[in-house]
Amino acid sequence: MSISIKSRAIGRTLLGAAMALMIGGSAAQAAEGIVPPSQDWSFNGVFGKFDKASAQRGLQIYTEICASCHSLNLMYYRNITELGYTEDQAKSFAAQFEVTDGPNDDGDYFTRPGLPSDRFVSPFENEKAAAASNGGKAPPDLSLMVKARMNGADYLYALLTGYKDVPPAGVEISDGAYYNEYFPGHQIAMAPPLSDGMVEYSDGTSASLEQAAKDITMFLAWTAEPEMEDRKAMGVKVFLFLLVFLGLAIANKKRLWAKLH
Ligand code: HEC
């Protein structure tokens with residue numbers, strides 16, 4: 001008895017603490033940055049899927065723009081076949097990049113064209129070099145960025161389209177920083193990476209800032225969870241199975257009780 005009262009009291013304290021954390025967390029987020037507006041992503045919802053054409057354009061944006069500063073360490077060149085590219089296309093995509101390999105029999109490192117089995121090459125040797133080239137702030141790896149931020153896809157889109165040339169009155173921007181409406185604290189060390197017409201899409205889509213931000217977000221949502229579609233398909237199967245099982249259980253119950261009434 002006393003144990004159950006005690007455990008109930010502990011339960012209540014834990015619940016209170018959890019609620020305080022949740023409220024505290026959202027207040028902190030609200031204080032730091034504006035909540036990004038939600039966008040209509042094709043991958044939202046139970047039947048959501050990645051828009052592969054958009055993700056392919058996002059790969060182009062990553063390669064032509066973001067890759068000069070950001071690594072994508074969890075990706076291998078062969079992974080792009082999952083976006084609808086053929087094995088040959090993945091091979092020639094990989095071959096554009098210079099990969100450091102070795103040591104060879106003489107103990108030396110050497111460079112060679114990339115292979116599908118290589119990871120995406122990183123723009124910098126290490127984090128110190130990355131920070132040194134970017135005013136002291138290392139550009140983070142983007143592989144899991146969409147998962148690492150709250151409302152990751154909406155946040156990324158808002159961040160990329162949320163720069164303001166002129167900060168609001170009274171806001172001082174320090175050297176090497178840019179005003180961004182959605183970055184926590186509003187001062188980001190990344191210059192606006194996207195603008196209208198910055199790339200020429202190989203599929204002919206016109207590359208407005210918003211289009212480019214959508215496409216790179218689609219691509220990075222995929223790198224953060226390439227198996228999302230399988231997971232959702234499994235969820236639907238499990239749900240259908242449970243539904244059929246429930247139907248059988250009800251039918252069985254009716255049959256059993258019919259005899260007893
Ligand atoms: C010239 C270098 C450079 C380029 C190009 C660049 N970035 Fe960045 N990026 C940075 C730096 C530096 C930071 C760290 C900013 C900070 O912490 O203030 C950063 C931070 C970020 C962040 C993290 C924001 C956060 O919430 O912490 C994201 C996301 C991001 N970049 C996405 C991109 C995307 C997508 C592209 C390509 C469209 C891109 N960046 C191109 C330098 C770059």
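Visitor: Which residues lie nearest the centre of the second largest pocket?

Guide: That would be L59, Q60, Y85, F93 and S202, out of 14 lining residues. Bear in mind that this is a predicted model, where local features need pLDDT of at least 70, side-chain atom pairs count only at pLDDT 80 or more, and totals for chains, interfaces and linings use all residues. Residues are numbered from 1 along each chain as its sequence is written, and side-chain values use heavy atoms, with hydrogens and water left out.

Visitor: What makes something a pocket, and what makes a residue part of the lining?

Guide: On a 1 Å grid over the protein atoms alone, a pocket is an open set of points where a 1.4 Å probe fits, with protein on both sides within 12 Å along at least five of seven lines; a lining residue has an atom within 4 Å of a point. The second largest pocket has a volume of about 320 Å³, counted as the space filled by probe spheres set on the points. Helix 2 (52-64) and helix 3 (87-95) each give two or more residues to its lining, and helix 2 has the largest share, seven. Those helices are DSSP runs of H or I, at least four residues long; strands are runs of E, at least two.

Visitor: How do the lining residues of the largest pocket divide into nonpolar, polar and charged?

Guide: There are 21 nonpolar, three polar and two charged. Ala, Val, Leu, Ile, Met, Phe, Trp, Tyr, Cys and Pro count as nonpolar, Asp, Glu, Lys and Arg as charged, and the rest as polar. The pocket has a volume of about 610 Å³, and H70, P139, P140, I188 and M190 are nearest its centre.

Visitor: How do you know that H70 and M190 coordinate the iron atom of the ligand?

Guide: A donor is an N, O or S atom within 2.8 Å of the metal (3.2 Å for Na, K and Ca). NE2 of H70 and SD of M190 sit at 2.0 Å, so they meet that cut-off.

Visitor: Why is the iron site called octahedral?

Guide: Six donors count as octahedral if opposite ones are over 155 degrees apart and all others between 65 and 115. Here the angles among the six donor atoms run from 86 to 177°, and the site is octahedral. H70 lies in the loop between helix 2 and helix 3 and M190 in the loop between strand 4 (187-188) and helix 7, so this pair ties together parts 120 residues apart in sequence.

Visitor: Is H70 buried or exposed, and what about M190?

Guide: Buried means under 20% relative accessible area, exposed over 50%, and partly exposed in between (1.4 Å probe, protein chains only). H70 has 9%, so it is buried, whereas M190 has 24% and is partly exposed.

Visitor: Why is the aromatic pair of Y77 and F97 called stacked?

Guide: Rings of Phe, Tyr and Trp (its six-membered ring) pair if their centres lie within 6.5 Å; planes under 30 degrees apart are stacked, over 60 edge-to-face, and the rest tilted. Y77 and F97 are 5.2 Å centre to centre with 5° between the planes, hence stacked. Y77 is buried at 0%, and F97 at 18%.

Visitor: What makes F93 and F120 a tilted pair?

Guide: Their planes are 55° apart, with 6.2 Å between centres, so the angle falls between the stacked and edge-to-face limits. F93 is in helix 3 and F120 in the loop between strand 2 (110-113) and helix 4 (127-132), 27 residues apart.

Terms used
Tetrahedral: all angles 85-135°; square planar, octahedral: opposite > 155°, others 65-115°.
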